[in-house]
Structure formats: C-alpha cells, structure tokens
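Open the model in your viewer and get ready to select residues by number. We will go stop by stop.

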Amino acid sequence: MYRFIWIVVSLAVAAVLVSCSAMSRSQIDEKMEVQQSRGDVAENHFTKTLRSAGQSQNLPYIYEGIFEDIDASPVDVTMYYYNPDTNRLESEKRTITLSKTDQLLGVIINQFLQGPRVKNLKHVVPPNVTLQKVEKYGNVVGVYLSKEFLKSEDITIARAALVNTILESQEAKYVKIYVDGYELTHNGKADGQILGLLTKYPNDVERIRLEEQKLISMGDVKYIKREIYFQDYERRFLVPEIRDIPISQGKYVEGIVGELLKGPAKGNEGLYSTIPAGAQLMDVKFVEDADSSRGVELYFSKEFKLSFNKETNSETLMVGSLVYSLTGLPGIDWIRIYYQDESGEYVNAPLVSLALDRKFDKDSLLFKLGKRIKVYFSDKDAMNLVPEYRVISNDSKDVINEILNELIEGPSQEGHMAVIPSNISVGDLKAYVSGKTAFVDLPSKFNASGLGSTGEILALYAIVNSLTDPVNTDNVRQIQFLVDGKVTHEFGHMSLADPFVRNPALIKE
C-alpha cells in the first residue's frame, strides 16, 4: 500500500517539476504570489504534501522560500569581449547551467576566461589564466587571478572586460582584482598606479583609455575608492566602509591608515574606530623577511597604548582592521605593529594579551567580517519610527529573519522604545521571500496584549520599513503579513489582506 501511494506522489511531483521547469523563476514567483494573495493560506495542501514528500525522499525543490533549488538550473549571463572592428567592448549573451552548489560569480568568471563564442569578438585574456578564488563582502567582489593575467595583450582592456562582465551580473557594485595575491595596478607592475575599487567601464575603448589617463596624470594627491575596516558596537565584527582616500605622493599606507585614524564617516552609524583616539602614525617601513615575504612595519605614537580600552576583542579587531585595509597592496603580505612606550622607545609588547611581536596577515587571526543592517523602533513619543544600526555576519544566509530578531530584541539607544509586544520572543516571527515580496508570519498572540491603533501602525511599519530598507536588502519591495500562516482581513484595527509598502513619512532620522 505504501509503495502504491509513494508511486502516485512521485508521479505528481515529477509532473510538477516538469511543468515548473518550463517556467522561469520570475514566473513561478509571480504565480505563487498571486495564489497566496488570493488564498487563505500561505501553503496549500498540495504544497505541504509536496514538501513532505520531498523531505522524506530527498527530492529537489524548485521554489524559493518553500522549495529548495533544483540540482541544476539555466541562468542567462552577459560576457564582455573586445571587437577590433568597432574598437569597443561588446556583449555576448550566454546561458550557463548552475548547480545548487555553484557560486554564480565563480561560474561567470570561469566562463569569461574561456573566451568568446561569437566570431567577431576577441578575447584579451591569455588562455592559461586561472581563477584562484572569489570573495564577496557587501557590495564588493574580490577576484584572485593567476599571474598569467599580467601577460594580457592589453591589460587595460582585459581588466575592463572582466569588470563589466562581473558587474553585469548585478551581484556587486565594485570589483577589486588581485593577481598572484597582490592588488592589480594600472599597468600590472609593482610601481604602477593602484586603482582601488573598480566600477563599470564605458564600452568605448578610447573613453576607457582617456579616463585611465586622467587618473594617472593627477597631481601629487590622487584619490582612490577603497574599503577600510571598522568595528561594530559589540566588538564582534569588522565592517568595511567605502570611501575616497587621498593618496599623497604615492604614500598608500600613510593615506589608508590616516583614514582609519579619522574613524567612520559621518552617517555611518553603528561603526566605531579600532585604533585608539589620539594615536598617530609616526613612521612606515617596508621590509623583506628571511622567507622572502614582504610586509610593512607601522610605528604609532604612545597614545596607541595609553588610550587603548583594554578589551581583548578590540585588540584583535584593531589588528584585523589594519590587516584587511593594507594587505594585498603591492609588496604587502603582512604587517607588524610597534608603538612608543613612556620613554619614547618603540616596542611591540601586548596591549592586553595579544602578542604583537610577529607578522599578521589575513590567515593569522580569525577575523569575522560583518555587514550593517538598519532596524526601526518607536521614538519616546510613540509618533515616529527612528533607526538603529546593528551588525550581523557577512556570511548570513537569512538576513530577513535576523532583522526580525533584532526588532524583537528591542532598542539599545536611549529614548527609543520597543515596537514588538513583550510577549513575542526571538523566533516567534518568521519570514521568507518570494520575488520582491517578503511574507512575514505573525503568531496570533502578537496582538493579544492590545497594541492599540497607534501601536499597531508602529509595530507593523517598523517591520515593513526595516525589511524594505535599501541598506538591508535590494530585492524586497513589499510585505505580505500572515497570521498563523493565513492571510487575515481583520487584525486589531488594521487589515492585513493586502501587501504593505515602505512608508518613509513615519521615519524620523
């Protein structure tokens, strides 16, 4: 009997998978959103049966938020290559097969390295270039290539074609290219101009050369867009901040450390300096060690020790901010840190407990990268929503639910009031995303304490504005509330039948 039932279920599942495979992901999302907005439940009986069958028999899922990805799916991508006839970078559309374990950017870059398939397009990257790794943190993609990239016929055009290919995927806003472990300069040489974070190039090759020449021919002070690292309030993570850094007479280390000493830029709430207040960078020395590795020694003033806050985590994050901000520059594999003692002599004794008498690189300590999120609470008058910034792991796979949990935890700033009822605990609110809609499931006890009309507005729009804030997500545009898994028309003084959109009028910055 069981075998007969399972055969029937398997046939039904197979039929659904075949029919869905003919639909694009956006079509599936749209169809599910229509079904869910018209129906009374978030998952109908057949969906639950399909999920149950899939979980028990390890069947592939196809719907985000309810199903998992199938083992392989086609993805349309765009590559950029050089057309000698037009002297332009031109696009080539390509469909690639992406497995559930593939990293999209890695597959795109490897496809790019294979060269064009269109006859009139020319590949400007040597055929033996290999991709070593891809790092993604926030809006920045770090691409590590083998040294053969430096043998490109025209390194400027090769770089531009790669950057445009990566950014076309909309997986990031900036690209940083490393070759053989070092940040790529404009000419591929150690004494070349450091380019910093790269944005999309024009497709016209003459314009590319013109813009690059402007950068190289700047005066004694050049500006490069670059990420530097600060810590969060709880001293758990390093968080990148992107800014234009002035570089005087090619002194990159001094320029970058100088920006770290200034602290986070105004408007970047939630980030804090890692280097003690009042400390100054007194000297910089480039050295080559006995193992032929190269690094930089940093010499700080006595305030580096005197103003340190004695927190162990701060010690680690201070080193981490310098390591992540500096290593990878040409000739910098690692850093060493010295500071003045009371007699003015340079020492590298521990500030708290971390031994400073050694080389530090990205592999020497467990530095955790984080990203900022923005959540909203009530002001003290219960009239407006006010923002607070928190930091979560850069590797978080469930930002939506982490935001909800931060809202449940409540505010940390004086004068800010909680908006989520006190009878709601972490994990009571759950959400999933379909297309551009986030479905947020509230327990019925959410309104049991009687929030009142104003309380309901602030609570629901704190959720809506937090989940749709562009700092947090770039794909959620509206929120459909459910109560115990169902679309509810009456919820206190409000109807939850229709999706909610962002309401900036309630926000007081």
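Begin with helix 5, residues 155-168. This helix lies across strand 4 and strand 5, and runs at about 135° to strand 5. Helices (H or I, at least four residues) and strands (E, at least two) are DSSP runs, numbered from the N terminus. Axes are lines fitted to C-alpha atoms, for helices over the stretch in contact, and angles run from 0 to 180 degrees between N-to-C directions. Contact means heavy atoms within 4.5 Å.

A word on the source: this is a predicted model, where local features need pLDDT of at least 70, side-chain atom pairs count only at pLDDT 80 or more, and totals for chains, interfaces and linings use all residues. Residues are numbered from 1 along each chain as its sequence is written, and side-chain values use heavy atoms, with hydrogens and water left out.

**The sheet under the helix**

Now select strand 4, residues 140-145. Strand 4 pairs with strand 5 in the parallel sense, over 6 bridges. Two strands pair if DSSP finds at least two bridges between them. Find Leu-145: its bridge partner in strand 5 is Val-179. Next, show helix 4, residues 104-113. Helix 4 packs on the sheet, touching strand 3 and strand 4, and its direction makes about 140° with that of strand 3. What is the strand order of this open sheet? The order is 3-4-5-6, with mixed pairing. Strand 3 and strand 6 (182-183) are the edges, each pairing on one side only.

**A second sheet**

Move to strand 7, residues 221-232. Strand 7 runs antiparallel to strand 8, joined by 11 bridges. Gln-231 has Leu-238 of strand 8 as bridge partner.

**A hairpin**

Select residues 72-83 and 88-99: strand 1 and strand 2, antiparallel, with 12 bridges. They form a hairpin with 4 residues between them. In the turn, Asn-87 has a positive phi of about 55°.

**A cavity**

Which residues line the second largest cavity? Select Glu-135, Tyr-137, Lys-176, Tyr-178, Glu-227, Tyr-229, Tyr-324 and Lys-362. On a 1 Å grid over the protein atoms alone, a cavity is a set of points where a 1.4 Å probe fits but cannot get out; lining residues have an atom within 4 Å of a point.

**Last stop: confidence**

Color by pLDDT, the predictor's confidence in each residue, from 0 to 100. Residues 1-70 stay under 50.

Terms used
On a 1 Å grid over the protein atoms alone, a cavity is a set of points where a 1.4 Å probe fits but cannot get out, and a pocket is an open set with protein on both sides within 12 Å along at least five of seven lines; lining residues have an atom within 4 Å of a point.
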